[in-house]
Amino acid sequence: MQPFVLPEFYLSYPARLNPHLDGARKHSKAWAYSMDMIDVPQHGTVIWNEHDLDSHDYALLCSYTHPDAAPRELDLVTDWYVWVFYFDDHFLELFKRTGDIDHARAYLDRIARFMPAEGAITETPENPVERGLTDLWNRTVPHRSPGWRRRFRESTRNLLDESLWELANINESRVANPIEYVAMRRKVGGAPWSANLIEHSLNAEVPDEIAAKRPMEVLRDCFADAVHLRNDLFSYQREVEDEGELSNSVLVFEKFLGCTTQEAADAVNDLLTSRLHQFEHTALTEVPALFDENGVQLAGRAETLAYVKGLQDWQSGGHEWHLRSSRYMNKGALDARGGPEILGGPSGLGTSAARIFRSVATTAPQRTRAFTHQPYEQLGPVAIPSLPLPFPLQLSSHLAAERKKITDWPQRMGLLSEGAWNAVRLRKTDIPLASAGLCPAAPPEQLSLTTDWLTWGTYADDYYAEVLAHDLSAARLTTERLKLFMPANGEPPPPPQTALETGLADLWQRTTGPLSPAEREAFRATVESMIDSWVWEVANQAQNRIPDPIDYVEMRRRTFGSELVTSISRLTNSRTVPPEIHRNRVIEALEDSAADYAWLINDLFSYRKEIEYEGGLHNAVLVVRSFLDVEQDRALQIVADLAQARLAEFQHAADVGLPGLFTDYNLDAKARDALTDYADLLKNLMTGIANWHHNSARYTDEELDRVRAAQAPAEPIDIANALKHPGCTGTTPPQAGEKPRLHLAATGLGTQSLHIPTTSANSTTGP
């Protein structure tokens, strides 16, 4: 009996079948036999027999997912999929069923030797997995560019190595939280690897200059998430009930939400639908602009669009294969629930297009909810779920001194002269309390620098939300100008025209002076990522679009400035994480879970400020409300539960992951101390930010009402034009001897004027 009824899937693109299917079936079976994958025992266990291979029908999968591949390429791609599924079952029988993590690690270390970044394979294969990989690597990699080779090697390594994460969870009986699961499933699930093979099969490589840009990453990640979520729905019975697997999104949702299996399956399907909506949105609204911004030539555009089409083909074709393969739970999936009866009942091969109409109609309410939120929704007082401080609080002994001079730097930079902030609002925000918790052991100069960065970032948050939220062109121009004040090679920036520019120029000089060129470039990328994400928020605001949940989580780390805050805090610690393990899974878990805990706390406390007072859309509580279609109190509790789950993940990474990392890499005492100190730094980050939210007046009803009462509507002006032409306030030039001023647009900031400071970055006099 099936544990749940398969939901109505969103299908917006018809599946097509490659005409060379029969040839691929014959070739792949012969290839599997030649690699000893059929009927050859492995440590006493036969992994596959011929019936297994025939009933799984990987040639059908590849013919559906690569409908335009030539015969030779279809054979090659099919061989890759036979190999990867054989690896999955081989690893299951030898290690997952036994829990033998030590031998599993050695097994994976050997496989890595058959994927050289450059040159020939020198190792001798000893089992079907190694033998198959040797053959496939030599048939594929030499024909591709260095950029593609790099991406493919990384995705293949992730697919293999992160199997240890699944095995460790099985051994600990540990079910991941939803955010952790999605991130890790991308690596172990193999969809990014599949995306690389789409490029190869079509001979259509994404140009290097855009391959790592946000739109292409979003397309790849949406593709990966949709592939994995769909697979989880079909494979739940096999994985969870038969294999004892814990890495399945239906199980993850069931445990996290405390719901039935059917409700969890429906929620997973809703997330799958949301990811496909995000894919379409990105392809239509962001990719064309990406081409123009990066000057991509016509050939590169054509190859990129072919790749995007290939991703669509894979989604539709993969669904058709899941409906038919004996590997999965699909009883009744081809009957009326699939939807063909809406056009009279066809149900054979080639009729997937008939199901599109019903699926689009069924999922329309979910898409509609994302675009129909009424801004400035009246929420009233909000009861925030109780969240104690995650770790013991430590505060800098210099906190009182920082508070005493709280207005000095903002006044010099002009932050109190543009109308968005005044001294009262600044003092009630109490940013020194945050920096004192983030960097409790920092010397006074470093603590002041941290305070000033947090002040600048908090001011920018209000400025983009209150001044630029309804003017996308002005937001883009503001952001591009800010980048001019972060010179990587010491070139002089232009004269600053706003307080934001003045403050950033000052902070850049004070922060990057001691850094090496490489460190300076990395720090610049961190700040750029944050300020670019603010434009993403304004773009969503212009469309009145509540973000997709996964896209929101990943962009929220940027909009909150999580990496920037961590980077600044790290400046106070002379011990650095060893570079060879900085992007290890354990380090990533520590950093991402700490960052997520911090912004989730912020979203809980800022919910009313952002949704009711600012008319915003970017808050986890609203995203959860919209996605799950639940009431406000339930959404608040889910966000609080997610914060606690991320905290638990951090603690697991620190208590279990770090000691394992020490052993795996045979780290010396100095490296161990550095990593332990880094974990403590992240503990201070979470605790300091949580304490600030509990004690700052910034998000209290009284302060929100006070700020709103002091504001009155003003005349809208063309901020973008004023920034392009300093001295111009909309359409009115300044009078002789008058400082340039911008009257704020009608965004609730009132009739105050926005001064454009003309002081230098290190000026000590007011504007």
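Predicted model: local features only at pLDDT ≥ 70, side-chain atom pairs only at ≥ 80, totals over all residues.
Local features need pLDDT of at least 70 and side-chain atom pairs pLDDT 80 or more, while totals for chains, interfaces and linings use all residues. Residues are numbered from 1 along each chain as its sequence is written, and side-chain values use heavy atoms, without hydrogens and water.

Cys222 is buried at 1% relative accessibility (buried is under 20% relative accessible area, exposed over 50%, partly exposed in between; 1.4 Å probe, protein chains only). Cys259 is also buried, at 18%.

Aromatic pairs number 33 (Phe, Tyr or six-membered Trp rings with centres within 6.5 Å; planes under 30 degrees apart are stacked, over 60 edge-to-face, the rest tilted). In one of them, the ring centres of Phe91 and Tyr107 lie 6.1 Å apart, with planes at 45 degrees, so this pair is tilted. Phe91 belongs to helix H4 (residues 71–96) and Tyr107 to helix H5 (residues 101–111), so the pair ties together parts 16 residues apart in sequence (helices are DSSP runs of H or I, at least four residues, numbered from the N terminus). Both Phe91 and Tyr107 are buried. Trp421 and Tyr459 make an edge-to-face pair, 5.2 Å centre to centre with 85 degrees between the planes. Trp421 is buried at 2% relative accessibility. Tyr459 is buried at 0%.

Arg144 lies over the face of Trp148, 5.9 Å from the ring centre (CZ of Arg or NZ of Lys within 6 Å of the centre and within 35 degrees of the ring normal). Leu389 sits in the loop between helix H17 (356–369) and helix H18 (399–404). Leu389 is partly exposed, at 33% relative accessibility.

How values were computed: Helix = DSSP H or I, 4+ residues; strand = E, 2+ residues; numbered from the N terminus.
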